[in-house]
Amino acid sequence: MTSARLKTVMSEFIFGDRSVEITGLSVSAGGGQLNVHVCVTDGEREKKSVYSMLCEFWDTFGICLRDLPREIDDDTLSEIKKYSDITHAVQKAYGCISCSPCSEKMLVAKLCRKGIEREYAVTAADFVRDKGYIDEVRLALRECERCLDKYWGYQRIIYKLKSCGYNSEAIGAADDFLSTIDFEENCRQLLEKKYLKSTDVVPVREKEIEKIFRSLQNYGYSGREIKKALNALKSKIVIEK
């Protein structure tokens with residue numbers, strides 16, 4: 001008995017009349033994906049399915065149109081299903097970052113919330129990052145600018161970046177950028193804008209000073225920065241008992 005015949009007999013012994021065959025390929029709209037047409041026959045039952053995947057994923061299988069129809073094993077079918085699921089995750093990833101650019105870690109979390117398995121979510125995030133669609137340093141610096149527009153202090157900005165999942169390189173770049181910012185002056189401007197709107201001297205009770213202090217801390221300013229800001233504006237503040 002030849003090895004090919006032995007393989008066929010063993011396949012029939014293990015799987016019975018079951019066979020899996022790629023029957024055709026078609027290009028999806030836009031040309032970026034291939035539709036893989038698969039037919040699974042199990043005795044008298046027949047099930048046809050179509051699995052879409054990125055062309056570069058399909059290239060890893062080494063199967064050309066001229067090779068079809070072609071019988072495959074269940075391991076190959078599982079791989080086809082896997083890459084189809086990854087392609088779906090990649091599509092979702094592109095949708096997420098087009099609506100709201102984010103860090104790779106945050107993108108994985110968003111995909112998982114959309115029902116994507118974590119393994120595929122991570123793979124999809126890696127894929128779009130490698131394609132250059134996620135630049136965490138640039139995104140982190142842009143986030144810093146938005147936070148500065150809100151008069152946030154250093155501590156709150158760094159906490160925001162870490163909570164958004166930016167990597168250490170992005171955090172380091174943000175830290176270097178923020179080191180050039182005069183947060184004492186920003187704190188003074190916030191204090192004047194938020195609490196001392198009048199151009200005249202403003203009477204403030206001691207308890208209100210405590211509330212102002214806590215509020216500025218919530219903005220992310222240090223005690224030293226707040227004290228210097230208050231001191232810089234002491235000519236406009238009259239503390240009442």
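Y221 is buried, with a relative accessible area of 2%; buried stands for under 20% relative accessible area, exposed for over 50%, and partly exposed for anything in between, using a 1.4 Å probe and protein chains only. Before I continue, please note that this is a predicted model, in which local features need pLDDT of at least 70 and side-chain atom pairs count only at pLDDT 80 or more, while totals for chains, interfaces and linings use all residues. Residues are numbered from 1 along each chain as its sequence is written, and side-chain values use heavy atoms, with hydrogens and water left out.

Let us stay with Y221. This residue is found in the loop between α10 (206-218) and α11 (223-232). Helices here are DSSP runs of H or I with at least four residues, strands are runs of E with at least two, and both are numbered from the N terminus. Which residues does Y221 contact, leaving aside its neighbours within four places in sequence? Among them are Y151, W152, G153, F183 and I226, where contact means heavy atoms within 4.5 Å. Y221 and G153 are 68 residues apart in sequence, yet their C-alpha atoms are 4.7 Å apart in space. The side chain of Y221 also reaches the backbone oxygen of Y151 at 2.7 Å.

G165 counts as buried, at 13% relative accessibility. Not counting residues up to four places away in sequence, G165 touches S103, K105 and E136.

I turn now to the strands. Strand β2 (residues 33-42) is mostly covered, as 7 of its 10 residues are buried. Strand β1 (residues 19-27) runs antiparallel to β2, and 8 bridges join the two; strands count as paired if DSSP finds at least two bridges between them. V27 has L34 of β2 as its bridge partner. On pairing with strand β3 (residues 45-54), β2 is again antiparallel, over 10 bridges. In that pairing H37 stands opposite V50 of β3. The hairpin of β2 and β3 has 2 residues between the strands, and G43 there takes a positive phi near 70°.

Finally, the aromatic rings. How many aromatic pairs does the structure hold? There are 6, where rings of Phe, Tyr and Trp (its six-membered ring) pair if their centres lie within 6.5 Å, and planes under 30 degrees apart count as stacked, over 60 as edge-to-face and the rest as tilted. One of them is F57 with F127, an edge-to-face pair at 5.6 Å centre to centre and 65° between the planes. Because F57 lies in helix α2 (residues 55-58) and F127 in helix α5 (residues 118-130), the pair ties together parts that are 70 residues apart in sequence. F57 is buried at 10% relative accessible area, and F127 is buried at 13%.

Y94 and Y133 have ring centres 5.1 Å apart and planes at 80°, so this pair is edge-to-face. It links Y94 in helix α3 (residues 74-99) to Y133 in the loop between α5 and α6 (136-149), 39 residues apart. Y94 is partly exposed, at 28% relative accessible area. Ring pairs also link F57, W58, F61, Y83 and F127 into a cluster.

How values were computed: A polar contact is a pair of N or O atoms within 3.5 Å; within protein, one must be able to donate a hydrogen and the other to accept it, and residues adjacent in sequence count only if both atoms are side-chain atoms.
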